[in-house]
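Here is a quick tour for anyone opening this one up for the first time. Let's look at how the pieces touch.

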Amino acid sequence: MVFGALDWSIVTGYLIVSVAIGLIGRKYAGDVTQYLVAGRELGTYIGIATLAATEIGTITFMYNAELGYRYGFAAFSAALISGVVMIFVGRSGFIIRRLRELRLMTVPEFFERRYSRGLRLLTGVLVALGGILNMGVFLKVEGEFLTVASGLNQRYLVAAMTAVLLLELLYTTVGGMVSVVITDYIQYVLLSVASIIVTIYAVHHAGWGHIVAKVTTVMGSGGFNPLHTPKFGATFLIWQCLLWLAVHTCWQTTAMRMFATKDADVSQRVMTWTGFIFLGRGMLPMLWGIAALTLYGTGTLIGGVPSPVLHGHTMAPIDAMPAMLSQILGPGIRGVVVAGMLAATMSVNSSYLLGWSAVISQDVIAPAREFMGKQPLGSKGQVLLNRVTNLFVSLFLLFWGLYYTPPGAVYLYLNVTGTIFLAGAFTSVVGGLYWKRANLTGGYLAMVMGAVGVIVPFFFLHWSENITGFIAFSLAAIGLIAGSYLGPAGKPLQQAVPELGGEQRI
Amino acid sequence: MTYWKIFWEIALVVAGTSFAVITAIVAVRGYIDLHAMITQLAQRSKKR
């Protein structure tokens, strides 16, 4: 497929409008509370839009479609768990309510309030490391989507993704969370429209009966029953429950939206309704992947699944979905869908840039400065520090992200890298909020054992992702409990500090 | 396998419908929220 003039006009128009609107946020990013959590002024509906847009990117569509292609309908189990767990967190207020009441700006900030500044620093380092490694694969995967779906020559991949990253960086650095929220609203609407269009086209072209028949023929009962899928099984489902519980409560970009809501009630409503969106966020692209398997899965078997073949050219499973879009969408619709995917890309990347930069500046650099005996930064100094960190994170992503290729299914790689810090952070947050006995020794052990529980089994022993994830969460819990009983009693949780009109210091 | 197939079909219909309906509601009411947020932030900027 060749992208026509109409398609290019739609995409270019979207980019110009999006960045121009994003720059409006500059006027309202005066102090650090406005810059990082939009002055805590998010209402329910805009909260849903920004949370959904933040966690739905082209990368999400790609890895979910790949999961659908490789594991059929059984992959839906991961989407179902993510949505149901989110609805549970929203309805119960588990963790998020108490964190919102503490008026935090980052997740590691909780560790100083409950444990110590040193643990905040360690958590900040692990969160930033895991988060940036996680985000590191985004650009390459997103670039692959854009080149395959639009027919753009591969040699322009680096230039195209650099341009997209620079545009995101421009409005994120200048306007912070306010710009991100404004653009997220537009991007959410556009990416949702694109998702619905693609779903209709995919099912129409592949045919529901053919889709079911293909999965049955290729995968048998394992294509429907997650307990019969070799890669999944009971341990995978348990790990997914724990992981999504941790993601929805302690993942920096999600937590920042909760911190930015008007109050704890709004945060719960936002989480609950976004949970329903999360069902579609996973299942719809998984369905696109299964449709691509139905249409193009005719190549040699790899892992029991035929490779996608288009015009005699064999592709990787992750490229099957964008290749399908390049074939089934008509002129104009292609432009709308690619603009929608670009919107998804930009909403995720800008939020992630802000989220990880906030952790580096607020939880690594600022506490490190105080350890060195320097004066705390004022609000304007913090905003400047965040902007500089944004720039450096972007540069790292640009040079590392475009050249690194993740092994295996991208979804599982992202889950594993996230677990490096989520296992310890989630366990320590639960202990810190709900267990008086939890102490600093337990917090340190949970963070270290959670990280080691991922790194050693996965990278050195080459155990499967689900066993690795299961072990990491178990070790983190053991670390917290053992450390808390062995060490001295913990300090009580320091309650919220009032925000002094931009004069709050860290 | 048949039960799983029916289960996933129902789940897919619920997911797709929720996605479309919530998007429509958020598209309209999100704009109102966004406007209110910007108004509040503008007032704060003026106070400073």
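How many residue pairs are in polar contact across the interface of chain B and chain A? The rule finds 9, with both residues at pLDDT 80 or more; a polar contact here is a pair of N or O atoms within 3.5 Å, where one must be able to donate a hydrogen and the other to accept it, and residues adjacent in sequence count only if both atoms are side-chain atoms.

Keep in mind that this is a predicted model, where local features need pLDDT of at least 70, side-chain atom pairs count only at pLDDT 80 or more, and totals for chains, interfaces and linings use all residues. Residues are numbered from 1 along each chain as its sequence is written, chains are lettered from A and ligands numbered from 1 in the order in which they are written, and side-chain values use heavy atoms, leaving out hydrogens and water.

Here is the interface of chain B with chain A in brief.

| Item | Value |
|---|---|
| Residues from chain B in contact (heavy atoms within 4.5 Å) | 31 residues |
| Residues from chain A in contact | 47 residues |
| Salt bridges between chain B and chain A | 0 salt bridges |

Together, chain B and chain A bury about 3500 Å², with 77% of that on carbon and sulfur atoms. Buried area is the accessible area (1.4 Å probe) that two parts lose on being put together, summed over both.

Across all chains, the whole structure has 12 salt bridges, each a side-chain nitrogen of Lys or Arg within 4 Å of a carboxyl oxygen of Asp or Glu. In one of them, A:Arg257 pairs with A:Asp184, their closest N and O atoms 3.5 Å apart. That pair links distant parts of the chain, 73 residues apart: A:Arg257 sits in helix α13 (residues 252-260) of chain A and A:Asp184 in helix α10 (residues 157-206) of chain A. Helices are DSSP runs (H or I, at least four residues), numbered from the N terminus.

Terms used
Helices (H or I, at least four residues) and strands (E, at least two) are DSSP runs, numbered from the N terminus.
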